[in-house]
Amino acid sequence: VLITAGASGIGLATARAFVREGARVMICDIDGAALAALAKSDPQIAQVTCDVADLAAIDALFSTTVSRLGGLDALINNAGIAGPTARCEEIAPDQWDRTLAVNIGGQFNCARVAIPHLRRSANPSIVNLSSAAGRFGFPLRTPYAASKWAVIGFTKTLAIELGEAGIRV
């Protein structure tokens, strides 16, 4: 199991749950301090630093993950950032771009690289995390809400596209 942004919060709770069930788990995160703490508290969880908005880092992440775990059965696309809090006209384009690059671009690029590995699994799945902002909107948070709406559309589309291969999304 590979979990993005797995060094704290929902990602860490998910990693620990998989470990309790006997899974081999790799997490990635950009937070070096959280990764260092995790290495002490949960040494059975493999880890690597990765910014999911960086294509080269994603390629390295999957190479390391597949090598260390011996394959891939599940991708948990958990990484996301809140982005700016402001009216749309006050948001700098680079803040918009960064939020979408992490929140939906990271999920797309991780899924894109994971799918060939998941096709070789006997029990493959992808879990993409969104939020209520992806269902109802979120005032003063246009990049976040837009990215989380995109996650829902991406997930539904992947479920249709990959269902015939037995990959649950």
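Tutor: Let's start with a term we'll need: a residue is buried under 20% relative accessible area, exposed over 50%, and partly exposed in between. Keep in mind that this is a predicted model.

Now for the rings. Two count as a pair if their centres lie within 6.5 Å, and planes over 60 degrees apart make the pair edge-to-face. That rule gives two aromatic pairs here. One of them is Phe108 with Phe154, edge-to-face, at 6.4 Å centre to centre with 65° between the planes. This pair links distant parts of the chain, since Phe108 belongs to helix H4 (residues 93-118) and Phe154 to helix H6 (residues 142-163), 46 residues apart. Phe108 has a relative accessible area of 41%, so it's partly exposed, whereas Phe154 is at 17% and so counts as buried.

Next, look at Phe138 and Tyr144. Their ring centres are 6.1 Å apart and their planes meet at 75°, so this pair is edge-to-face. Phe138 has a relative accessible area of 37%, so we call it partly exposed. Tyr144, with 16% relative accessibility, counts as buried.

Arg141 has its charged end over the ring of Phe138, 5.0 Å from the ring's centre. The charged end of Arg141 also sits over the ring of Tyr144, 5.2 Å from that ring's centre.

Methods. Residues are numbered from 1 along each chain as its sequence is written. This is a predicted model: local features need pLDDT of at least 70, side-chain atom pairs count only at pLDDT 80 or more; totals for chains, interfaces and linings use all residues. Side-chain values use heavy atoms; hydrogens and water are left out. Rings of Phe, Tyr and Trp (its six-membered ring) pair if their centres lie within 6.5 Å; planes under 30 degrees apart count as stacked, over 60 as edge-to-face and the rest as tilted. Helices (H or I, at least four residues) and strands (E, at least two) are DSSP runs, numbered from the N terminus. Buried means under 20% relative accessible area, exposed over 50%, partly exposed in between (1.4 Å probe, protein chains only). A charge sits over a ring if NZ of Lys or CZ of Arg is within 6 Å of the ring centre and within 35 degrees of the ring normal.
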